[in-house]
Amino acid sequence: MNNQEIKNWLVQKIAEESDIQPETIKTDMPIESFNLDSLSMITLSYDLENALGKEIDPTVFWQHNTIDKLAEAIETLP
Amino acid sequence: MALWNPYTTGYFNNPYEHLAECRTTEPMQIGIHKEWLLFNYKDVREVLRSPAFGVSKLSEYFAQKEPVILEKAACPFLAKGTKTWIMYLDGQDHVRIRTLADAAIRQFNFTPAIERAVAACFEKNKDAAELDVVDIATQIPMYIVEELMGVSGMCSYEQVKRFSHLLAVSQDLFVTKTTYREVNSEFEWAFSFFGELYRKAGANAEPHLLTFLQTVNKEEGFRLSDDEMISLITVIFMAALETTKDTMSVILYEVLKDPSLAVYIEQANEIEINILAEEFLRFASPLQYTVRVAHEDVEINGIRFPKGTRLFLCLASANRDAVVFDNPDTIVPNRKYNPHLSFGSGMHSCLGARVARNEIRSWLKPVTKHLLNYRLAENEPPNWQRTIFMRGLKSLKIERK
């Protein structure tokens, strides 16, 4: 996945997890504003790991506070 | 300062360097997961013993989360399965169920069961040219558990191993919904499997732990329902297997690495073995963290924690605190002062501590003697579990000398 695809994936999944419309999610908004609990964040990080086939720490959502920053960090992972 | 992050490179192989950095630079800190952690021995012990703190409520958490964790068709077993898990209960419920479990465990004579388990394990593996230390560390407690439950060949080794391991994993820090779903279906199996054993226990000619649990519950007026009793049996089962496996595999790894330890064990008298067992418990810290929740506003070292704050207490770090332990990163077989926190402290201190000590004291000499014929397999580095709360090996290959 390229940067844009990762962002789209994140928007879609975050919308599902926090039960909000994907259109209301802006990629520069703080992730904490989506009210994801730790169970959701950990589950998303594992799902992302499976989707991308590369190792992603379950703490990734705490380390990067917007979808933009998160996508950039994930894209540059080996 | 070092920010606590268990995904720091190398953490799962050796967490102690990272923990030492956290302890020496910022011993009370908010970690990568945005929650508080305590690393100093003094602070950890104080919170463990403070009436201002309680445990986290796992079963309540599951009851609240089951709708989002489980698929619609699934029967919910998470809250039910963990309902009487003693380490997640406070107050009256805690005292009541702990008293019941303790009374039953005390009626069981562990020493011969442990000796038979060690002998059975050796018999099974006597001709093996290659062995996995983790298999030995799993088989021995498994034989003990079979005696506890009054059955032999209770069910497939793999099934029991998976069940027990998943229960342990489900209490780790970063758990996904997928894992909880697997735990749920394992609980479904366990309720039918242990349910049958429990209901049959009374009819068994040779009394065992399930019989004792049943009698104490009935005759001393505890009045736990069958489901609550099965939940209690699952936690005793998991605790008996997982902690023993983890502690034993870590100890044996140290013994295999350092031949002088094997010599010491061979020559040690009973008292020396007891002292060494405590040192191994400190060094291995099988339960590396435990969580406490503030029941009221509390201040520690000038930091105020409002009611409801969760604190992660790093037992593994406390056990390596140089303020309390000389040469904390070394196994000192005859360590004189060793108030380790591997069994916790206070109200919730480990219910199985007596049994665990008994076990180590009983197997240390015979197992070490058996392993003298083996050495660590070349080119097969130890494979550590990627779990944060419980530390142990996933596999450790050895070969005959």
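Rings of Phe, Tyr and Trp (for Trp, its six-membered ring) pair if their centres lie within 6.5 Å; planes under 30 degrees apart count as stacked, over 60 as edge-to-face and the rest as tilted. The structure is a predicted model, in which local features need pLDDT of at least 70 and side-chain atom pairs count only at pLDDT 80 or more, while totals for chains, interfaces and linings use all residues. Residues are numbered from 1 along each chain as its sequence is written, chains are lettered from A and ligands numbered from 1 in the order in which they are written, and side-chain values use heavy atoms, with hydrogens and water left out.

**View 1. Aromatic rings around F77(B) and F191(B).**
A search of the whole structure finds 24 aromatic pairs over all chains. In one of them, F77(B) and F191(B) form a tilted pair, with 5.4 Å from centre to centre and 45° between the planes. A pair of aromatic rings is described by these two kinds of value, the distance of the centres and the angle of the planes. The pair links distant parts of the chain, 114 residues apart: F77(B) is in the loop between α3 (58–69) and α4 (78–81) of chain B, and F191(B) is in helix α9 (residues 177–200) of chain B. Helices (H or I, at least four residues) and strands (E, at least two) are DSSP runs, numbered from the N terminus. Both F77(B) and F191(B) are buried. Buried means under 20% relative accessible area, exposed over 50%, and partly exposed in between (1.4 Å probe, protein chains only). Ring pairs link F77(B), W85(B), F163(B), F187(B), W189(B), F191(B), F193(B), F194(B) and F237(B) into a cluster.

**View 2. Residues T179(B) and K200(B) of helix α9(B).**
T179(B) is placed in helix α9 of chain B, and K200(B) lies in helix α9 of chain B. T179(B) counts as buried because its relative accessibility is 17%. Leaving aside its neighbours within four places in sequence, T179(B) is in contact (heavy atoms within 4.5 Å) with L166(B) and V169(B). K200(B) counts as partly exposed, at 48% relative accessibility. The C-alpha atoms of K200(B) and L210(B) are separated by 9.2 Å, and these residues are 10 apart along the chain.

**View 3. Helices α7(B) and α8(B).**
Helix α7 (residues 133–149) and helix α8 (residues 157–169) of chain B pack at an angle of about 95°, with their axes 12 Å apart. Therefore α7(B) and α8(B) are roughly perpendicular to each other. The contact is made by D135(B), T138(B), Q139(B) and M142(B) of α7(B), together with Y157(B), V160(B) and K161(B) of α8(B). These residues divide into 3 nonpolar, 2 polar and 2 charged. Axes are lines fitted to C-alpha atoms, for helices over the stretch in contact, and angles run from 0 to 180 degrees between N-to-C directions. Angles under 35 degrees count as roughly parallel, over 145 as roughly antiparallel, 65 to 115 as roughly perpendicular and the rest as oblique. Ala, Val, Leu, Ile, Met, Phe, Trp, Tyr, Cys and Pro count as nonpolar, Asp, Glu, Lys and Arg as charged, and the others, Gly among them, as polar. R162(B) is also placed in helix α8 of chain B, and at 43% relative accessibility R162(B) counts as partly exposed.

**View 4. The open sheet of 5 strands.**
In chain B, 5 strands form an open sheet in the order β1-β2-β8-β5-β3, with mixed pairing. The edge strands are β1 (28–30) and β3 (53–54) of chain B, each of which pairs on one side only. Two strands pair if DSSP finds at least two bridges between them. β1(B) and strand β2 (residues 36–38) of chain B run antiparallel and are joined by 3 bridges; the bridge partner of M28(B) in β2(B) is L38(B). β2(B) and β8(B) run parallel, also with 3 bridges, and L37(B) stands opposite F312(B) in β8(B). β5(B) and β8(B) run antiparallel, joined by 5 bridges, and R292(B) stands opposite L311(B) in β8(B). Because 4 of its 5 residues are buried, β8(B) is largely enclosed by the rest of the structure. Helix α2 (residues 41–49) of chain B lies across β1, β2, β3, β5 (289–294) and β8 (310–314) of chain B, running at about 125° to β8(B).
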